[in-house]
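Biologist: I would like to learn how to read helix contacts and sheets. Can we go through a case together?

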Amino acid sequence: MTNIVEVAYAQTGDSKSINEYGMRDMQAKAYEARNSQYLLLKAPPASGKSRALMFIALDKLINQGLKKVIVAVPERSIGGSFATTKLSEFGFYADWEVDDRYNLCTPGADKSKVQAFINFLESDEKILICTHATLRFAFEKLDEKKFDNTLLAIDEFHHVSADGENRLGELIRLVMQKSSVNIVAMTGSFFRGDSVPILLPEDEAKFSKVTYNYYEQLNGYEYLKSLGIGYHFYQGRYTSAIGEILDTDKKTILHIPNVNSGESTKDKHKEVDFIIDSTGEVVKEDENKVIYVKRHSDGKIIKVADLVNDDPNDREKIVAYLRNIDSEDDMDLIIALGMAKEGFDWPYCEHALTVGYRSSLTEIIQIIGRATRDSENKTHAQFTNLIAQPDAYDSEVKTSVNNMLKAITASLLMEQVLAPNFKFKPRFDNDNEKAKPGEMKIRGFKKPSTKRVEQIIESDLNDLKAAILQDDKMLKAMPGNIDPEVMNKVLIPKIIQVKYPDLSDEEVEEIRQHVVVDSVVKNGEIKKSGGKQFISMAGKFVNIDELNIDLIDSINPFQRAFEILSKSVTTKVLHLIQESIAATRITMDFEEAKILWPKILKFKKEHGKEPSLSSNDPQELRMAECIVYLKEEKRKRNDG
């Protein structure tokens with residue numbers, strides 16, 4: 001199996017080195033924003049968000065007059081990240097100390113934890129750790145003013161939603177409106193699987209944002225130097241294909257499919273048994289619920305953790321064991337379903353193997369993050385998605401096609417997230433100055449005219465790309481059956497307008513240009529020759545000094561999605577995909593026709609005929625459909 005994405009890093013060590021206060025690079029950046037009342041910290045897994053919060057929280061308690069700190073995490077297992085930590089040993093002026101009574105991420109009933117939460121607010125204790133659920137239940141019994149002079153830290157903030165039915169989102173809105181609360185929101189990804197924003201625009205605008213990207217994190221590692229993202233397509237049952245890609249010589253987290261998905265056999269326990277039996281023979285299960293398996297291939301004993309097991313006592317034992325692992329020999333394979341994603345820390349993991357399409361980009365990023373910890377046992381991390389390919393005789397062929405396209409576009413987004421960032425600037429006629437390192441000048445490119453546009457480009461570009469890549473119309477357009485200019489100048493602006501309804505047309509255009517340029521550049525390959533730099537675009541290399549916005553707008557920034565599919569599946573499957581897309585072609589509108597008409601005239605001049613409806617070229621076919629559309633529109637107007 002070849003990787004769709006293969007990224008190499010410089011191993012600079014910068015993201016792991018610490019300053020005089022014991023802070024890593026990301027933590028120091030976050031600490032600089034410590035005086036903000038509302039702070040949103042976006043940073044990838046393993047960058048040290050929990051400790052960044054400790055530094056900020058202690059400063060708010062000691063130097064900013066706040067009285068309490070409440071840290072809320074999505075599940076109990078993540079609470080350990082915020083346990084008592086001796087920060088002074090590394091140069092900071094205080095320690096993070098949590099009283100066991102107010103670490104509520106322990107087994108027990110919600111009712112007693114809610115009472116402990118209320119007791120904490122009445123006590124002299126400073127720090128409480130709880131789950132999102134405990135925070136929500138306690139909030140129902142409290143007045144918002146109880147959060148005055150309190151820092152509320154929400155870990156994995158993408159669980160919040162502006163949807164009125166989301167209780168955590170409603171809680172955030174109410175305490176912001178009715179108390180003097182300070183908020184630190186932390187997330188490794190601001191994406192959601194649905195289209196609902198995490199915060200309303202007016203609330204989000206109140207947050208200072210600190211963004212530390214994946215490239216900064218991985219490029220600054222000491223051991224890990226490459227990351228691969230690949231797909232393996234199968235037909236039939238996934239259990240028949242799992243043996244081809246499960247390599248138990250690599251430390252692996254295997255996520256089996258959700259029981260409601262098409263990939264599931266509907267019996268998750270039998271799936272686990274099959275995976276273990278196909279790997280080897282079970283020798284024993286110890287008191288920690290670690291399963292010892294004698295491998296068929298060579299007789300080696302490997303250790304397996306079953307997190308699919310529903311027995312709460314068994315699961316508690318194995319989770320406690322995994323939490324205290326300190327050697328690569330302590331575990332070889334973890335089989336999970338809903339667990340071992342966000343906040344789960346197993347630094348030795350080399351391979352994240354996931355069965356079935358995941359609709360949430362957040363989930364994909366969280367799973368990939370399990371393998372991207374820096375550890376001396378690995379130089380390469382791998383994410384593999386095992387996906388069912390469509391079958392002509394399957395009634396769900398359209399769903400399979402859609403899932404494949406979405407999976408591929410998710411990997412394209414990850415490729416862009418993992419790549420170095422460029423700063424784009426306009427190039428003027430009299431501008432002969434060379435671009436600085438990491439900078440690119442483009443003729444006709446618009447600079448941000450407002451702070452709002454600057455903020456979106458600085459902090460939200462990947463989130464916006466996620467919205468674009470998940471849009472149904474874009475999915476149908478990406479394989480090249482829509483003219484690139486239509487995609488870039490019509491479809492993308494509409495998505496931006498929906499996501500940011502408060503923007504002017506001028507602001508939308510500035511962001512549109514940045515999205516398209518950034519996507520095209522990151523999908524292109526840059527080479528040096530004769531002292532000049534060239535970038536590959538639409539199959540040819542272009543001198544970077546000669547880039548202009550019209551050239552970039554003529555390129556499909558997401559064409560690689562279909563190129564990847566073309567190389568990864570059989571001709572028969574590819575034909576199925578094309579048929580499925582053609583059957584759900586997006587409708588024509590006047591904005592698209594306006595862009596296509598000059599191209600139709602050019603086509604007629606070059607070929608001496610009109611574009612044909614029977615053409616195999618998707619773009620010629622689209623021009624032919626445009627002629628039909630315009631004739632129909634003319635007929636309607638003539639009919640009054």
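Biologist: Which residues of α14 meet which residues of α16?

Modeller: Contact means heavy atoms within 4.5 Å. Here Asp463, Leu464, Ala467 and Ile468 in α14 meet Ile492, Ile495, Ile496 and Lys499 in α16. By class, that contact has six nonpolar, no polar and two charged residues. Ala, Val, Leu, Ile, Met, Phe, Trp, Tyr, Cys and Pro count as nonpolar, Asp, Glu, Lys and Arg as charged, and the others, Gly among them, as polar. One general point: an α-helix has 3.6 residues a turn, so residues three or four places apart point the same way.

Biologist: What should I know about the model and its numbering?

Modeller: This is a predicted model: local features need pLDDT of at least 70, side-chain atom pairs count only at pLDDT 80 or more, and totals for chains, interfaces and linings use all residues. Residues are numbered from 1 along each chain as its sequence is written, and side-chain values use heavy atoms, leaving out hydrogens and water.

Biologist: How do α14 and α16 cross?

Modeller: Axes are lines fitted to C-alpha atoms, for helices over the stretch in contact, and angles run from 0 to 180 degrees between N-to-C directions. Helices (H or I, at least four residues) and strands (E, at least two) are DSSP runs, numbered from the N terminus. The axes of α14 and α16 (residues 484-499) come within 10 Å and cross at roughly 120 degrees.

Biologist: Is α14 enclosed or open?

Modeller: Buried means under 20% relative accessible area, exposed over 50%, partly exposed in between (1.4 Å probe, protein chains only). Seven of the ten residues of α14 (residues 461-470) are buried, so α14 is largely enclosed by the rest of the structure. Among them are Leu461, Lys465 and Leu469.

Biologist: What is the angle between α1 and α2?

Modeller: Helix α1 (residues 25-32) and helix α2 (residues 49-62) pack at about 30 degrees, with axes 9 Å apart. Angles under 35 degrees count as roughly parallel, over 145 as roughly antiparallel, 65 to 115 as roughly perpendicular and the rest as oblique. α1 and α2 are therefore roughly parallel to each other.

Biologist: In what order do the strands of the sheet lie?

Modeller: Two strands pair if DSSP finds at least two bridges between them. Six strands form an open, parallel sheet, ordered β4-β3-β5-β6-β2-β7. β4 (127-131) and β7 (208-211) are at the edges with a single partner strand each, so one side of each has no neighbour in the sheet. Strand β2 (residues 38-42) pairs with β7 over four bridges. Leu41 has Val210 in β7 as its bridge partner.
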